[in-house]
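Subject: Structure handover

Hello,

Please find the structure below. My notes on it follow.

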Amino acid sequence: MQLQQYIQPLLKGHWALRFHTRTLLLKGGELLGVKYLVPCLRRWFHFGNVDDASAFLKDVVRVSEEEGNEPLLVIKEHVGEEKEYRVAVYSMTPDCHDAVSLIAKGSQRVGPGLSLMDARFGIILEREFSDNYLSTGRGRDPKWRWTQVPKNVYWIKERQWRGERALIRQMTKPVFGSMVTPSLEGVVPLPIPDAPASAEGACGDEEFTTLIKPLYSRGWYVVYNHQLRKLSNAEITLKKYPIMTGFYDLKMFDVAVAFTQDVLTLARAENIAVSLWVDSRTVTVQGTSEMSMNISLREARFAILVERLFAEKYKGHPRTDDVHPLSLLAQPQTVKELRNHPLSNVNPKVYENLRVQKMVQATLRKKGDTIEYIGENEKAEDES
């Protein structure tokens, strides 16, 4: 009954019930590197400029403190027909909270996952966005929404079970080889290098020694992101490109959000497209200037400036170097290793899954300016 009363009205708007793979768990004040699947409420909020997005993040912190709910946040700069900043809020109740689960009774491995605390948080945040941003033109709704609305708790539990089986299969795959760095525990941080004055061109082997390796020693690594590209013949190809990634443990949620606001301001000044994740009071930073198989000097400069910002302004909040949000970390030492790293290879199964997913998402139905993605159990209606 509570699912229909509180959750379903949110899902009929721009909120969605998603199953998120957590890679960090805050328990007893300590960070644990784990992987588990948890149902959550998620909503994307769009803004035309970084100032409005930053102001909304302050409101999220305020509501979070008032409600005792620390959400997971994703902040991305989207460059399309027009530049905009997108903030995703994931609300899920941790297992250390005594809130009553809306999905399962009693104790379970991942705790409540979804509770009335999440429903209340979503309702309050929706009202905040509608009154202070949407109505004044400072914010905008996404041009899409998910149409799947759970009928009952069994629908949620069945999909969580399917996702956990896939996650277990993923975690039991063999490790790729010696170039994978499982942990940075015990690595002595090197001094922060001077940021290169020129931001043109790509990093060569010399820059890997003088700029990139010191960043590795301070918790940075390379992630190979998937990029789907549509070719002229309507085929979809999948590429991977490296992106410098930094990880910071700031100990408190409001401090982590303040750090992301400073990074957003820095990214605007450096003309870098930035992506940020705030999870369990940690911040993951990614900055890109181009999608290629190189690390540009502009990206290296941005990473150094972020590291210096953290060292100078947030030095009272030390980072935990041996806990990272990914189980496989790449730290290539040369340009050749960067381009030939095992993690840079495109998995044929992943490629096929993403290609099919892209084709499914092309099956849409439109209502006004909103695109509704058809759920896996719903029938697409051609209204064109």
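Is Asp141 buried or exposed, or something in between? Asp141 is partly exposed, at a relative accessible area of 26%; the classes are buried for under 20% relative accessible area, exposed for over 50%, and partly exposed in between, with a 1.4 Å probe and protein chains only.

Before the rest, the conventions. This is a predicted model, in which local features need pLDDT of at least 70 and side-chain atom pairs count only at pLDDT 80 or more, while totals for chains, interfaces and linings use all residues. Residues are numbered from 1 along each chain as its sequence is written, and side-chain values use heavy atoms, with hydrogens and water left out. Helices (H or I, at least four residues) and strands (E, at least two) are DSSP runs, numbered from the N terminus.

Salt bridges

The structure holds 16 salt bridges, each defined as a side-chain nitrogen of Lys or Arg within 4 Å of a carboxyl oxygen of Asp or Glu. One of them joins Asp141 to Arg43, with the closest N and O atoms 2.7 Å apart. This pair links distant parts of the chain: Asp141 lies in the loop between strands E5 (139-140) and E6 (144-146), Arg43 lies in strand E2 (residues 30-47), and 98 residues separate them. Arg43 has 0% relative accessibility and so counts as buried.

Asp51 and Arg268 also form a salt bridge, at 3.5 Å from N to O. Here the link runs from helix H2 (residues 50-67), which holds Asp51, to helix H6 (residues 253-270), which holds Arg268, and the two are 217 residues apart. Asp51 is partly exposed at 48% relative accessibility, and Arg268 is partly exposed at 42%.

A further salt bridge pairs Arg281 with Glu70, the closest N and O atoms being 3.2 Å apart. Arg281 is in the loop between E9 and strand E10 (282-288), Glu70 is in the loop between H2 and E3, and they are 211 residues apart. Both ends are partly exposed: Arg281 has a relative accessible area of 25%, and Glu70 has 39% relative accessibility.

Asp59, Arg62, Glu66 and Glu128 are linked in a network of salt bridges.

Strands

Strand E3 (residues 72-79) pairs with E4 in the antiparallel sense over eight bridges; two strands pair if DSSP finds at least two bridges between them. Leu73 has Val89 of E4 as its bridge partner, and Ile75 has Val87 of E4. E3 also pairs with strand E9 (residues 273-279), again antiparallel, over four bridges. In that pairing, Val74 has Trp277 of E9 as its bridge partner. Strand E4 (residues 83-91) has eight of its nine residues buried, so it is largely enclosed by the rest of the structure.

Helices

Helix H3 (residues 116-134) has 19 residues and should span 27 Å at 1.5 Å a residue, the expected span being 1.5 Å times one less than the number of residues. Its end C-alpha atoms are 25 Å apart, which agrees. The buried residues of H3 include Met117, Phe121, Ile124, Leu125, Phe129 and Tyr133. Glu128, a member of the salt-bridge network, is also among the buried residues of H3.

The axes of helix H5 (residues 205-217) and helix H7 (residues 297-313) come within 10 Å and cross at roughly 40°. Axes are lines fitted to C-alpha atoms, for helices over the stretch in contact, and angles run from 0 to 180 degrees between N-to-C directions. H5 and H7 are therefore oblique to each other; angles under 35 degrees count as roughly parallel, over 145 as roughly antiparallel, 65 to 115 as roughly perpendicular and the rest as oblique.

Regards
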